[in-house]
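Morning, everyone. Please take a look at the sequence and the model on the screen, and then I'll walk you through some contacts.

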Amino acid sequence: MSEEVFQAIKDDSPLIAWIHNISLNQQKYMDSKIKDLDLGHNVRYIMYIHDNPGCSQDDLVRMFCQSKGNVAKVLKKLEDDGFIKRQINPTNRRKYMLMTTDKGNELVPKYRQISMEWERKVGIGDEDGEFKKRLIEIAFNTYEINNKEGLL
């Protein structure tokens, strides 16, 4: 490992510093594979909407800990770019239900395949199931803590 690349992250740095670094490097890899789309981290919205059709903007605000304004701006761009569509919620006409379009539906499996390729390249394999389960558990715990603290 190149010491100068990680000089700001030390062995005794918080784990989140390493996780953030991994996330940024994974995003660079993903962006290089789907250059023409220029989605960056906003692809996570498409993935969530694809996996949760009919979700709302409020669901995305809670899930990604983003402001309503920021989420609205991202959704507008994704809608303009043809990845998602909004439909008025028949049970609450003031809210929209979000769904992916055909373009969004085509992107999701491609993105997941590239992501799995990246995981294999960095050394995450099938034998890391327990590690993945533990990370998911930690993610849920962070959500619950923030929810109990009234931060969501």
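**Hairpin, core and helix packing**

Start with a pair: Q87 has M97 as its bridge partner in β2. Before going on, the ground rules. This is a predicted model, where local features need pLDDT of at least 70, side-chain atom pairs count only at pLDDT 80 or more, and totals for chains, interfaces and linings use all residues. Residues are numbered from 1 along each chain as its sequence is written, and side-chain values use heavy atoms, with hydrogens and water left out.

Back to the strands. Strand β1 covers residues 84–89 and strand β2 covers residues 92–100; they run antiparallel, joined by 6 bridges. Two strands pair if DSSP finds at least two bridges between them. Helices (H or I, at least four residues) and strands (E, at least two) are DSSP runs, numbered from the N terminus. Between β1 and β2 sit 2 residues, and the two strands form a hairpin. Another bridge links I84 to T100 in β2.

Stay with M97 in strand β2. What does M97 contact, leaving aside its neighbours within four places in sequence? The list is G54, C55, K85, R86, Q87, I88, N89 and P90. Contact means heavy atoms within 4.5 Å. S56 is 41 residues from M97 along the chain, yet their C-alpha atoms are separated by 5.2 Å.

Now the core. The largest nonpolar core has 26 residues, and L60 and L78 have the most contacts inside it. By nonpolar core I mean a set of buried Ala, Val, Leu, Ile, Met, Phe, Trp, Tyr and Cys residues joined through side-chain atoms within 4.5 Å. Buried means under 20% relative accessible area, exposed over 50%, partly exposed in between (1.4 Å probe, protein chains only). At least two residues of this core come from each of α1 (15–33), α2 (43–51), α3 (57–64), α4 (68–80) and α5 (102–122). α2 gives the largest share, 6 residues. Setting aside neighbours within four places in sequence, L60 contacts Y45, Y48, I49, C65, V71, L75 and L98.

Next, helix packing. How do α3 and α4 cross? Their axes come within 9 Å and cross at roughly 115°. Axes are lines fitted to C-alpha atoms, for helices over the stretch in contact, and angles run from 0 to 180 degrees between N-to-C directions. On the α3 side, Q57, D58, L60 and V61 make the contact; on the α4 side, K68, V71, A72 and L75. These residues divide into 5 nonpolar, 1 polar and 2 charged. Ala, Val, Leu, Ile, Met, Phe, Trp, Tyr, Cys and Pro count as nonpolar, Asp, Glu, Lys and Arg as charged, and the others, Gly among them, as polar.

Two more residues. V74 lies in helix α4. Is V74 buried or exposed? Buried, because its relative accessible area is 8%. Not counting residues up to four places away in sequence, V74 touches N42 and Y45. Q26 is in helix α1. Q26 counts as buried too, at 13% relative accessibility. Beyond its neighbours within four places in sequence, Q26 contacts Y111, S115 and W118. From V74, S115 is 22 Å away, C-alpha to C-alpha.
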